[in-house]
Amino acid sequence: AQTMMATVDLPGQDKSIPFERLHMHLSEQSLQELFSDAPNIPEGFTIRCFEGQKDAENWAKLETDAGEFDNKSEGLKKFATEFGIDIERCKRSMFFLIDEKNEDFVVATASAWIGPVNNHKAVPRLHWVAVHPDYRGRGFAHLVVDSALNWHYNNALLHKGGKESRGLGVYLSTQTTSSRAVSMYLKKQFRPFIPIEDNKLQKSQTELVTEHRGWKLMSEILKIDASKLAEEKEF
């Protein structure tokens, strides 16, 4: 089973860092090797899925508290755009970590979703990870992320697109302002990649990541060489 790694304060955004969009990919092999077991949940906490409108409110409040939105109304509008079209999927694969000792307070969230990338219509996706500021630095981001990735491991054929989703691994979109989250994803074997749609000159992934302003920033901030981590094999 997955264990918590509480040494990184996650996720949170640093608005002092110039914003650049980033994409990362977890190979199917890594998904199978690392996320076949559900994470161990500490005593006093539970993980459950989306249960209805109250959780749309919970999601919007959590994301607002985490700094994604200026107010809850903006969060609710984003929820409707991102998730409102498929509430049934939310009930299966939008995860919430609950603090039972604090009136069932919603601590963290992550969703096992799908999205179009690399000319595929339905690729498994890790989507909208957030942890309440009061609960950061305790490994809770890992719990919801691992829950979502375990769901992808167990339920690939339930995705829209059916067999098209099988064998494609999992991708995510993030940003340079979330460098702590990027560090966590790297530890989970996600690797930098540039979508085919952005590769007009048909360069290698190493070239693309080396030239990418966002990955240059991450290399400097996280003390890594992103170009050496780039995933050469396109999916």
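Trainee: Where is Gln-189 found?

Mentor: Gln-189 sits in the loop that links H6 to strand S7 (191–192). Keep in mind that this is a predicted model.

Trainee: Is Gln-189 buried, partly exposed or exposed?

Mentor: Its relative accessibility is 31%, so Gln-189 counts as partly exposed. The backbone deserves a look too: Gln-189 has a positive phi of about 80°, although it is not a glycine.

Trainee: Where does Lys-223 lie, and is Lys-223 buried or exposed?

Mentor: Lys-223 is in the loop between H8 and helix H9 (226–229). With a relative accessible area of 71%, Lys-223 is exposed, because the cut-off for that class is over 50%.

Trainee: Let's turn to helix packing. At what angle do H6 and H8 pack?

Mentor: Read the angle together with the axis distance. H6 and helix H8 (residues 213–222) pack at about 85°, and their axes are 11 Å apart. That angle makes H6 roughly perpendicular to H8.

Trainee: Which residues of H6 and H8 meet?

Mentor: On the H6 side they are Ser-179, Val-182, Ser-183 and Leu-186, and on the H8 side Trp-215, Met-218, Ile-221 and Leu-222. By class, the contact of H6 with H8 has six nonpolar residues, two polar and no charged.

Trainee: What about H2 and H3: how do their axes cross?

Mentor: Helix H2 (residues 53–65) and helix H3 (residues 72–82) have axes that come within 8 Å and cross at roughly 120°. That makes H2 oblique to H3. For handedness, H2 passes H3 in a right-handed crossing.

Trainee: Which residues make that contact, and how do they divide by class?

Mentor: H2 brings in Gln-53, Ala-56, Glu-57, Trp-59, Ala-60, Lys-61 and Thr-64, while H3 supplies Lys-72, Gly-75, Leu-76, Lys-78 and Phe-79. Sorted by class, the contact of H2 with H3 has five nonpolar residues, three polar and four charged.

Trainee: Back to loops. Where does Ser-178 lie, and is Ser-178 buried or exposed?

Mentor: Ser-178 lies between strand S6 (170–175) and helix H6 (179–187), in the loop. Buried means under 20% relative accessible area, so at 5% Ser-178 counts as buried. For a polar residue, then look for a partner: the Ser-178 side chain makes a polar contact with the side chain of Gln-175, at 2.7 Å.

Trainee: What does Ile-194 touch, leaving out residues up to four places away in sequence?

Mentor: Start with its setting. Ile-194 is in the loop between S7 and H7, and its relative accessible area of 7% makes Ile-194 buried. With those sequence neighbours left out, Ile-194 touches Gln-205, Leu-208, Val-209, His-212 and Trp-215.

Trainee: How far apart are Ile-194 and Asn-118 in sequence and in space?

Mentor: They are 76 residues apart in sequence and 9.0 Å apart in space, C-alpha to C-alpha. Compare Pro-195 and Asn-155, which are 40 residues apart in sequence and 24 Å apart in space, C-alpha to C-alpha. Separation along the chain and separation in space need to be read as two quantities.

Trainee: And where is Pro-195, and what does Pro-195 touch?

Mentor: Pro-195 is in the loop between S7 and helix H7 (205–211), and at 5% relative accessibility Pro-195 counts as buried. Not counting residues up to four places away in sequence, Pro-195 touches His-23, Val-117 and Asn-118.

Trainee: Last one: where is Phe-235, and is Phe-235 buried or exposed?

Mentor: Phe-235 is in the segment after H9, and Phe-235 is buried, with a relative accessible area of 14%. Leaving aside neighbours within four places in sequence, its contacts are His-25, Val-117, Asn-118, His-120, Val-123, Leu-168, Tyr-171 and Phe-193. Val-117 and Asn-118 are also touched by Pro-195.

Methods:
Residues are numbered from 1 along each chain as its sequence is written. This is a predicted model: local features need pLDDT of at least 70, side-chain atom pairs count only at pLDDT 80 or more; totals for chains, interfaces and linings use all residues. Side-chain values use heavy atoms; hydrogens and water are left out. Helices (H or I, at least four residues) and strands (E, at least two) are DSSP runs, numbered from the N terminus. Buried means under 20% relative accessible area, exposed over 50%, partly exposed in between (1.4 Å probe, protein chains only). A polar contact is a pair of N or O atoms within 3.5 Å; within protein, one must be able to donate a hydrogen and the other to accept it, and residues adjacent in sequence count only if both atoms are side-chain atoms. Axes are lines fitted to C-alpha atoms, for helices over the stretch in contact, and angles run from 0 to 180 degrees between N-to-C directions. Angles under 35 degrees count as roughly parallel, over 145 as roughly antiparallel, 65 to 115 as roughly perpendicular and the rest as oblique. A crossing is left-handed if the near helix is turned anticlockwise from the far one by less than a right angle, and right-handed if clockwise. Contact means heavy atoms within 4.5 Å. Ala, Val, Leu, Ile, Met, Phe, Trp, Tyr, Cys and Pro count as nonpolar, Asp, Glu, Lys and Arg as charged, and the others, Gly among them, as polar.
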